[in-house]
Amino acid sequence: MISFTVMALVFGVVFLAELPDKTALAGLVLGTRYRASYVFAGVAAAFALHVALAVAAGSVLTLLPQQVVHAVTGVLFLVGGAMLLLKKDDGEEHVRQPENQSFWKVAGAGFMLILVAEFGDLTQIMTANLAARYDSPLSVGLGAVLALWAVAGLGIVGGRALMKRVPLRLITKVAALLMLALGVWSLWEAATA
C-alpha cells in the first residue's frame, strides 16, 4: 500500500539533498552536449536502479566503506574533468544530432555516469534509512525516484537553456573545473574518512 505522506516526505528530503549535488552538474553537462531525452532516459534508469538497491538493502547500505566509494568517485570526476579540459574544440555550438550519437550510446553514458558517481551517495543511504524507518518500501521508493528524476530533469533542462545564452566552450570549461573540484573533494573525503 502506498502512503502519500511518506512519499511526499521522502520526495522533499531527497530533492533538497540532491539539488546541490553532482547530479544536477552531470545532467547539465550531458544536457548541453547531447539530446536531452536520451540523457534523461539513461540517468532515470540509473536512479531507478539506485533507489531499488537502496530500498531493498534498507539500512545495510550505510555499512559500505565510504572511503572506497569516495576514492573511485573522485578519480572518475578527475578523469572526466581532464577529458573536458583537454578536448579539442571542434567549433560545434549545438547539440549533436542523433545520427552522430545513438540513443544507446548517450543513454548508456548517462546511465554509467550516474550509476558510478551516485553509488553510496548521501541520498542513496538516506533512502535506505527511510525505507528501514517507515516500513513502506514502495512509498519510499516512489518518493525518492521521483525526486531524483526531478533534479536530473532540472539539470538537463537548465543545461539546454544555459547553452542558448552562454557559449558551449565556456560551459565546458566551467563544468570541467567543477568536476575537477568535485574529484579533489571526493579524494579528500576518502583520505580523511
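Helices are DSSP runs of at least four residues, numbered from the N terminus. By that rule, residues 137–165 form helix H7, and Leu138 lies in it. The model described here is predicted. Its chain has eight helices and zero strands.

**Overall make-up**

- From the N terminus on, the order of elements is α-α-α-α-α-α-α-α.
- The chain has 193 residues, and 44% of them are buried.
- Of the contacts in the chain with a separation of 6 or more, 94% are between residues 24 or more positions apart.

**The nonpolar core**

- In soluble globular proteins, nonpolar side chains tend to be buried together.
- The largest nonpolar core in this chain has 27 residues.
- Val10, Val14, Val39 and Val140 are the residues with the most contacts inside this core.
- Two or more residues of this core come from each of helix H1 (4–18), helix H2 (22–33), helix H3 (36–57), helix H5 (103–117), helix H6 (122–134) and H7.
- H7 gives the most to this core, contributing eight residues.
- Leaving out residues up to four places away in sequence, Val140 touches Val6, Val10, Val55, Thr127, Leu130, Ala131 and Tyr134.

- Thr127 is found in helix H6.
- Thr127 has a relative accessible area of 1%, and because buried means under 20%, Thr127 counts as buried.
- Apart from neighbours within four places in sequence, Thr127 is in contact with Val14, Val51, Ala54, Val55, Val140 and Ala144.
- Val14 and Val140, two of these contacts, are also among the residues with the most contacts inside the largest nonpolar core.

**His50**

- His50 is a residue of helix H3.
- The relative accessibility of His50 is 3%, so His50 counts as buried.
- A polar atom of the His50 side chain lies 3.3 Å from the backbone oxygen of Ile114.
- His50 also touches Leu115, Glu118, Phe119 and Gln124, when residues up to four places away in sequence are not counted.

**The surface**

- Ile2, Phe4 and Leu138 make a nonpolar surface patch of about 310 Å².
- Asp135 is found in the loop between H6 and H7.
- With a relative accessible area of 68%, Asp135 is exposed.
- Asp135 and Val6 are 129 residues apart along the chain, and their C-alpha atoms are separated by 9.9 Å.

**Helix H8**

- Helix H8 covers residues 168–192, and Val174 has its place there.
- Val174 is partly exposed, with a relative accessible area of 41%.
- Between the C-alpha atoms of Val174 and Leu85 the separation is 9.3 Å, while the two residues are 89 residues apart along the chain.

Methods: Residues are numbered from 1 along each chain as its sequence is written. This is a predicted model: local features need pLDDT of at least 70, side-chain atom pairs count only at pLDDT 80 or more; totals for chains, interfaces and linings use all residues. Side-chain values use heavy atoms; hydrogens and water are left out. Patches are made of residues with over 30% relative accessible area and no salt bridge: like charges are joined within 9 Å, nonpolar side chains (Val, Leu, Ile, Met, Phe, Trp, Tyr) within 5 Å. Accessible areas come from the Shrake-Rupley method with a 1.4 Å probe; for residues, only the protein chains shown count as cover. A salt bridge is a side-chain nitrogen of Lys or Arg within 4 Å of a carboxyl oxygen of Asp or Glu. Buried means under 20% relative accessible area, exposed over 50%, partly exposed in between (1.4 Å probe, protein chains only). Contact means heavy atoms within 4.5 Å. A nonpolar core is a set of buried Ala, Val, Leu, Ile, Met, Phe, Trp, Tyr and Cys residues joined through side-chain atoms within 4.5 Å. A polar contact is a pair of N or O atoms within 3.5 Å; within protein, one must be able to donate a hydrogen and the other to accept it, and residues adjacent in sequence count only if both atoms are side-chain atoms.
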